[in-house]
Amino acid sequence: MVVKPCIEFRQVGKQFNDNYAVEQLNLTIKAGELFVLVGASGSGKTTTLKMINRLEQPTTGTIYYQGRSLASIPLRELRLQMGYVLQQIALFPNMTVAENISLIPEMKRMAPAAIKQRVKDLLSEVGLDPATYQQRMPSDLSGGEQQRVGIIRAFAAQPQVVLMDEPFSALDPISREQLQKLTLSIHQRLNSTIVFVTHDMNEALQLGDRIGVMQGGHLVQVGTPDEIAQQPVNDFVSKMFASAQTNDIYGVYLNRLKVLGYLQPLSETDQGLPALDSHQTIGEALPELQKSGAVQINNGSNDAGKLTSEQLLAFMVSFQNK
Amino acid sequence: MADFFHTLVTQRADLLAALGQHLLLSVVSLLIAIVIAIPLAIWVIPKPRTANIFLQITGVLQTIPSLALLGMLIPLVGIGSVPAVISLVVYALLPIFQNTYTGLTEIDPSLEEAATAFGMTRWEKLRKVELPLAFPMILSGVRTALVMIIGTATLAALIGAGGLGTFILLGINRNNNTMTLIGALASALLAIVLSFALRGVKWIRLKPFLITVAVVILGGGAFGVYKLVQPQPVEITIAGKLGSEPEILINMYRDLIEADNDNVKVTLKPNFGQTSFLFSALKAKQITLYPEFTGTILEGLVKTPQTRATSATGIYHQAKTAVQQQDKLTYLAPLKYNNTYALVVQRSFAKKYNLHNISDLAKISDQINAGFDLEFLDRSDGYKGIQQRYGLDFKTQSMSADLRYEALHQGKVNVTDGYSTDSQIRQYDLVVLKDDRHLFPTYQGAPLMRTATAKAHPEIVRSLNKLSGKISAADMQEMNYQVNVKRVSAAKVAHNYLVTHHLLGGEH
């Protein structure tokens, strides 16, 4: 399948007063991918994101959306096609949960009955019982619950693109992990293009189909998690990658073992092994490993490989040494 | 307390009417202020500099004393409800504008960013997000404005717009604390009730609100047009100054005019305001006529002639000529009584020393302890004049106008000043000493109207002239006494007089 470019930056720069927030940016984001922009604060990642829905205007260069120059697309038409999730969540406090979710579908003039149904489906999908939550006010919800609503509000009108600006950085670790999984499952189901900004390399590795690393207004490396892990383009990227390691070994994603080359290829005889997803953690894999000595780890629909107790031990030794 | 309830019961119709006027005045002003201030605040949100200027302007407007504002508006828009509403709107602008502006600018920027990113237009953002979020703040501004309007609206009575201020002013004028109290209480109660009712408002749906405002405005307009195109009988508006005496007189005018002319409809505006308001209103054609004193015209309304006439007739003719020349106003024939300063003593005191005239006081000047009001003490036609013209000099003390009669009655003083038609003279059975050396100026009452009206309606002039030379000072004292002390309505007192004196066919 030939994947069409969805968003394309060509020689884009953004200047605030005399300082460049973003310089000479060239980047193509493909339709349907989950692209993560990762970098420290001030690296230009949020500015880059906001140029996509024109909350910021580039000072130089051109951005293309589905082959058309962004500037030539009427603002409202453009923004109605792009969901937006904020770090501050920003649910409208004067509206109920249902009203918040219905907002964009209503602006797109969807039929009221269809909107009602969609609100219910989406709430159920993110594990919030519609009967209980629909009529609640945002202030009655926990931070994690609020951001679930924030995410489905962005996806409610089935936009082509969803922009997510550090959506989970203000949440507690448990909510963050749940919402990361939720983002992946929604992405898989709807196949929208997602541009996700984070300062957390761990989150980037966990979520990204591809990752763009930004440093001081420049895009220094673009690649799959494997490429970033195995061929970091400079010291900065390898340090970011190293710092992404968590101290809690049980919380390490299985995906990381794959990226670091601890998985072995699957053979015919491994078919009966218990299967885990690459987005699950070592903690979740331990009981299965104890029973069977090895597990197979799937990455979406692709077979990823086999993890044995010996390989896990090897990883744990290297983890301890760092 | 019994007096309070008695007044409440006897005046309940007037009170309800005043309450209605007050409410209408306040609500209309508040709606207009809302319609001006909220859109203005919305408009200046993206322009902080302009917003600052508007905040300054509305702030300055609010510091103008309300009386001064009303005074400044009279030459521009005349008197009545229009200037009252304008000044109330001016006062209400600041709290509504300020709260709307603050409420809208203090919205969490991330909410603004979200709304923008979702593709909302400015109007959509305003309607769905900003106004609902700022609403509690706006509402509290509206409530502040409302309480202020209801308080300030009591001053509207000064310029003939009616309302609860009428009760307060009348109470002060008639020295009737109960009426003042009723007016003040009713106005405070109205403020509390309305403010409380507004607190219950959660969020007004914008569309129904706008529709309501539109309906009110259109309805008002339609009613105005209807009134304009309706064929009308001759309409006459007779106004009077504050107090019982003018109210009795204008009731007489109405009875006489309506008895003689079938096609004339008379509207009375009693307690319409002070002299200058009435005089302006007459010239501005807002009223048809009002009773005025000869002395007042010469003293304050026209250029004072070089040589003042001394006789009552002379003064009347001077006033009539001057006001005709200066303002094209016709001054009809005067009543009999002279409502001027008087020196008053107790009947027993007068009998004991055989006192009839002011000059009789000379023989007992060492025994006199007089209570005069401050104004009288200082005037050249007051106590100073008495000292000069009569060569009298006795012990005096100043006391407020409302205490003099009480002090005289209780024997704390034995001479006091007053007006010759004061009801207390009748109430306490007092004696007025004759001004035998003609010190006090003459104040005779007569209807004042525009010459054009007088020429167009000679039949009305004829009816009014029936009162020429009628009503003595004693008659007027008695009638004032009936209204002020006995609480009989001015209309009834006036009617009784006309019937008793065969000026009107009475009912059998």
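1. A word on terms to start: two residues are in contact if their C-beta atoms, placed from the backbone, lie within 7 Å. With that in hand, look at chain B of this predicted model. Among its contacts between residues at least 6 apart in sequence, 78% join residues at least 24 apart.

2. Staying with chain B, you'll find 23 helices and 10 strands there. Of its 508 residues, 41% count as buried.

3. The UniProt record, an unreviewed entry, marks "transmembrane region" in chain B at residues 23–46, 53–74, 80–97, 145–172, 178–197 and 209–229. Two of these stretches are worth a look in the model. Residues 53–74 of chain B are 91% helix and 0% strand, and the end C-alpha atoms lie 27 Å apart. Residues 145–172 of chain B also have their end C-alpha atoms 27 Å apart, but here the chain is 57% helix, again with 0% strand.

4. Now for where the chains meet. On the chain A side, 15 residues are in contact with 12 residues of chain B. Helices α2 (75–80) and α3 (97–107) of chain A each supply at least two residues of the side that touches chain B. That side of chain A divides into 10 nonpolar residues, three polar and two charged.

5. Chain A has an open sheet of six strands, and you can trace it in the order β6-β7-β8-β3-β9-β10, with mixed pairing. Its edges are β6 (82–85) and β10 (218–223) of chain A, each of which pairs on one side only. From one strand to the next, the twist averages 15°. Helix α6 (residues 143–155) of chain A packs on this sheet and touches β6 and β7 of chain A; its direction makes about 170° with that of β6(A).

6. Strands β7 (residues 161–165) and β8 (residues 193–198) of chain A run parallel, paired over five bridges. If you want a spot to check by eye, V162(A) stands opposite I194(A) in β8(A).

7. Two backbone angles deserve a second glance. Most residues other than glycine have a negative phi. A90(A) is not a glycine, yet its phi is positive, at about 55°. You'll find A90(A) in the loop between β6 and α3 of chain A. Is A90(A) buried or exposed? A90(A) counts as buried, because 23 other C-beta atoms lie within 10 Å and the cut-off is 20 or more.

8. The other one is E166(A), also not a glycine, with a positive phi of about 45°. E166(A) sits in the loop between β7 and α7 (173–190) of chain A. E166(A) is buried too, with 20 other C-beta atoms within 10 Å.

Definitions and conventions: Residues are numbered from 1 along each chain as its sequence is written. Chains are lettered from A and ligands numbered from 1 in the order in which they are written. This is a predicted model: local features need pLDDT of at least 70, side-chain atom pairs count only at pLDDT 80 or more; totals for chains, interfaces and linings use all residues. Helices (H or I, at least four residues) and strands (E, at least two) are DSSP runs, numbered from the N terminus. Ala, Val, Leu, Ile, Met, Phe, Trp, Tyr, Cys and Pro count as nonpolar, Asp, Glu, Lys and Arg as charged, and the others, Gly among them, as polar. UniProt positions are given in the numbering used here, feature names are shortened, and annotations may be inferred rather than shown by experiment. Two strands pair if DSSP finds at least two bridges between them. Axes are lines fitted to C-alpha atoms, for helices over the stretch in contact, and angles run from 0 to 180 degrees between N-to-C directions. A residue is buried if 20 or more other C-beta atoms lie within 10 Å of its own, exposed if 12 or fewer, and partly exposed in between; C-beta atoms are placed from the backbone.
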